[in-house]
Amino acid sequence: MTDTCIFCKIVSNDVTATIVYRDEQATAFRDIHPAAPTHILIVPNKHIESVNALQAEDEQLIGHLFTTAARLAKEEGIDRKGYRLITNTGIDGGQTVFHLHLHLIGGQRMRHPMG
Ligand code: 5GP
Ligand code: ZN
């Protein structure tokens, strides 16, 4: 937990969000500015700044974020038609919140190209 991180505050319930899933390792909540009908952010409960800060000990946790994404995609009813999972890293990657997160985006055909 860092005092200034908005996602740490959502994990600790100090900031309100529409939480769709939570367990000991991860929290998932709806993006405040959805880019598609389904736009969920899946974050580790512990503060990890970005992919750059990952350690070998985080490998199980990262796998858990993906299996959580798969389950939520099913719950949202977008698993069969498909969806996009995005992790922006650093300024050039478009990261604006420096607490690692997966964007789960779906419910429409993706239009914008990579890059
Ligand atoms: P990034 O640009 O770092 O990949 O993604 C950050 C995402 O967090 C953005 O899509 C933005 O809309 C979302 N976001 C930023 N602040 C908040 C917030 O306070 N609550 C929620 N639910 N989403 C947020
Ligand atoms: Zn954080």
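Donors are the N, O and S atoms within 2.8 Å of the metal (3.2 Å for Na, K and Ca), and since water is not among the atoms, sites may look incomplete. The model is predicted, with local features needing pLDDT of at least 70 and side-chain atom pairs counting only at pLDDT 80 or more, while totals for chains, interfaces and linings use all residues. Residues are numbered from 1 along each chain as its sequence is written, and side-chain values use heavy atoms, with hydrogens and water left out.

**Exercise 1.** Identify the protein donors of the zinc ion (ligand 2) and their spacing in sequence.

*Solution.* Begin with the atoms: Cys-5 (SG), Cys-8 (SG), His-47 (ND1) and His-99 (ND1) lie 2.0 to 2.3 Å from the zinc ion (ligand 2). Then read the spacing of these donor residues along the sequence, which is C-x2-C-x38-H-x51-H. The two histidines, 52 residues apart, link distant parts of the chain, His-47 coming from the loop between strand E3 (38-44) and helix H2 (59-76) and His-99 from the loop between strand E4 (83-86) and strand E5 (102-106); helices (H or I, at least four residues) and strands (E, at least two) are DSSP runs, numbered from the N terminus.

**Exercise 2.** Decide whether His-47 and His-99 are buried or exposed.

*Solution.* Apply the cut-offs: buried means under 20% relative accessible area, exposed over 50%, and partly exposed in between (1.4 Å probe, protein chains only). His-47 has 26% relative accessibility and therefore counts as partly exposed, whereas His-99, with a relative accessible area of 0%, is buried.

Terms used:
Chains are lettered from A and ligands numbered from 1 in the order in which they are written.
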